[in-house]
Amino acid sequence: VQLQASGGGLVQVGGSLRLSCAASGGTFSRVSMGWFRQAPGKDREFVAAIWRTGSSTYYSDSVKGRFAVSRDNAKNTMYLQMNSLKPEDTAVYYCAVDARGSMILSSIRREGSYSAWGQGTQVTVSS
């Protein structure tokens, strides 16, 4: 299983970016996928996730209402649309997948629930 995150960059406060996470090496239409981020000097934290059925999405309180996670199963790709960006959104963003398909819903926000990770893409929001 390989994940390739892309779409990061430098954006001004209030701007938008769309991150992509392309998956390969398996079938991902029936597994849960998520986004995490790590700011300098901080622990990696949950951002958003989409449940294996694609019918439910979950967000951290800090991004709810501004970010939207989606997936295109035909392309084996997950997206994170980020709007109204703030300086505190600056971080390396990682995508992850529950490749084994064994995640329980209550653990969707936990790093340990994901078995494969992408390399990360840098998002910098300038004020």
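Arginine 66 counts as buried because its relative accessibility is 11%, where buried means under 20% relative accessible area, exposed means over 50%, and partly exposed is in between (1.4 Å probe, protein chains only). This is a predicted model, in which local features need pLDDT of at least 70 and side-chain atom pairs count only at pLDDT 80 or more, while totals for chains, interfaces and linings use all residues. Residues are numbered from 1 along each chain as its sequence is written, and side-chain values use heavy atoms, with hydrogens and water left out.

**Around arginine 66**

- Arginine 66 sits in the loop between strand E6 (57-59) and E7; strands (E, at least two residues) and helices (H or I, at least four residues) are DSSP runs, numbered from the N terminus.
- The side chain of arginine 66 makes a polar contact with the side chain of aspartate 89, at 2.8 Å.
- A polar contact is a pair of N or O atoms within 3.5 Å; within protein, one must be able to donate a hydrogen and the other to accept it, and residues adjacent in sequence count only if both atoms are side-chain atoms.
- A polar atom of the arginine 66 side chain also lies 2.8 Å from the backbone oxygen of serine 62.
- Leaving aside residues up to four places away in sequence, arginine 66 touches Gln81, Met82, Asn83, Ser84, Leu85, Lys86 and Asp89, where contact means heavy atoms within 4.5 Å.

- Strands of a sheet pair through backbone hydrogen bonds, either parallel or antiparallel.
- Strand E3 (residues 17-24) and strand E8 (residues 77-82) are joined in the antiparallel sense over 6 bridges.
- Within E8, leucine 80 stands opposite leucine 19, and glutamine 81 is the bridge partner of arginine 18.
- E7 and E8 also run antiparallel, joined by 6 bridges, and phenylalanine 67 has methionine 82 in E8 as its bridge partner.
- E8 is mostly covered, with 5 of its 6 residues buried.

**The disulfide**

- The torsion about the S-S bond of cysteine 21 and cysteine 95 is about 70 degrees, so the disulfide is right-handed.
- Distant parts of the chain are linked by this pair: cysteine 21 belongs to strand E3 and cysteine 95 to strand E9 (residues 91-97), and the two are 74 residues apart.
- Cysteine 21 counts as buried because its relative accessibility is 0%, and cysteine 95 is buried too, with a relative accessible area of 0%.

**Two residues with positive phi**

- Most residues other than glycine have a negative phi, and most peptide bonds are trans.
- E7 and E8 form a hairpin with 4 residues between them, and asparagine 76 in the turn has a positive phi of about 50 degrees.
- Is asparagine 76 buried or partly exposed? Asparagine 76 counts as partly exposed because its relative accessibility is 22%.
- At 41% relative accessibility, serine 84 counts as partly exposed.
- Beyond residues up to four places away in sequence, serine 84 touches Gly14, Gly15, Ser16, Arg66 and Asp89.
- From serine 84 to glycine 112 there are 28 residues in sequence and 29 Å in space, C-alpha to C-alpha.

Notes
Pairing = 2+ DSSP bridges. Disulfide = S-S within 2.5 Å.
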